[in-house]
Amino acid sequence: MGMGSAPISSNMAAAPMATVPMATNMAFSSTMTTPSLPSNQLTSSQASRPQYAPSNQLSPKGDGTKPLPSSAFADLENLSKSMMQTAAGKQTTVSQPSSTVQTAPTQAATVVNTTTAVPTQTQPSQPQTPPSSVLSLADVFVPLETVQPGTTPPITAYDKNGIKMVFHIGKDRPRPDVIVIVVSTMSSNTSAVKSLSFQAAVPKVMRVKLQPPSATDLPAFNPILPPAAITQVMLIANPQKKDVRLRFKVQFMLNEQQVTDVGDVSSIPAQ
């Protein structure tokens, strides 16, 4: 019996030694579970951003420190979103000067165009003063028997082919701007002159009117008888009192042949 008791006592004494490793294992297990965070306390967004939950906020040792609550991670996430929005706002603000710089040349160009267009509107070109208007001679008629000779000597306008045309400047005027001229045409041909016509033209600043002639035919010249003549009143309107240059055309039939000639007169007085 005494020998059997010793092993029992030895086994009993060895029991505490077996208990220590168990306690040690339990303490080690407790130390390992303390720094780890439960998976149900992390949201999917927090799990994807490990930089917002640094490991130094957790107790690396089994000192009993509690992990950060879930509201702290929410605050960090809100803070990160706010920083991202602030950064985006700065980028938008910085891009505004670029837009201003691009629109500035367009505004400047508009100002220049407006400035150059102002003189055209405020300073129109002044039209030249038109000359005095030339009144029509349609309603002016001077009977031949009322014309009185003036002081100007007669002007020989044409003297060819046996035909002589003389201008007689009248004294009186039906209108202050109108000159009265009597055109006398005579023939020295031994044959009759038929279908005689006289046409006249003056510068654009004047007007000319030929009243009907006294006749269109001239008999053959007879030195014993007074020469026959065709008379025609010509009116010239000259409101600007410029020198008169008259161009004319004479046409007639002589010995069954048509004769046409032209000429000009520049010695007609303006007054």
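Reader: What makes N161, G162, I163, A220, F221 and L254 residues that N189 touches?

Author: Contact means heavy atoms within 4.5 Å, and N189 touches these residues, with those up to four places away in sequence not counted. The model is predicted: local features need pLDDT of at least 70, side-chain atom pairs count only at pLDDT 80 or more, and totals for chains, interfaces and linings use all residues. Residues are numbered from 1 along each chain as its sequence is written, and side-chain values use heavy atoms, with hydrogens and water left out.

Reader: Why is N189 called buried?

Author: Buried means under 20% relative accessible area, with a 1.4 Å probe and protein chains only. N189 has 14% relative accessibility, so N189 counts as buried. Of the 271 residues of the chain, 22% count as buried.

Reader: What does the side chain of N189 reach at 3.4 Å?

Author: The side chain of N189 reaches the backbone oxygen of G162. A polar contact is a pair of N or O atoms within 3.5 Å, and within protein one must be able to donate a hydrogen and the other to accept it; residues adjacent in sequence count only if both atoms are side-chain atoms.

Reader: Where is N189 found?

Author: N189 lies in the loop between β3 (178-187) and β4 (193-201). Strands are DSSP runs of E with at least two residues, numbered from the N terminus.

Reader: How do you know that β4 and β7 pair?

Author: Two strands pair if DSSP finds at least two bridges between them. β4 and β7 (residues 244-254) have 7 bridges, in the antiparallel sense. K194 has M253 of β7 as its bridge partner.

Definitions and conventions:
Buried means under 20% relative accessible area, exposed over 50%, partly exposed in between (1.4 Å probe, protein chains only). Helices (H or I, at least four residues) and strands (E, at least two) are DSSP runs, numbered from the N terminus.
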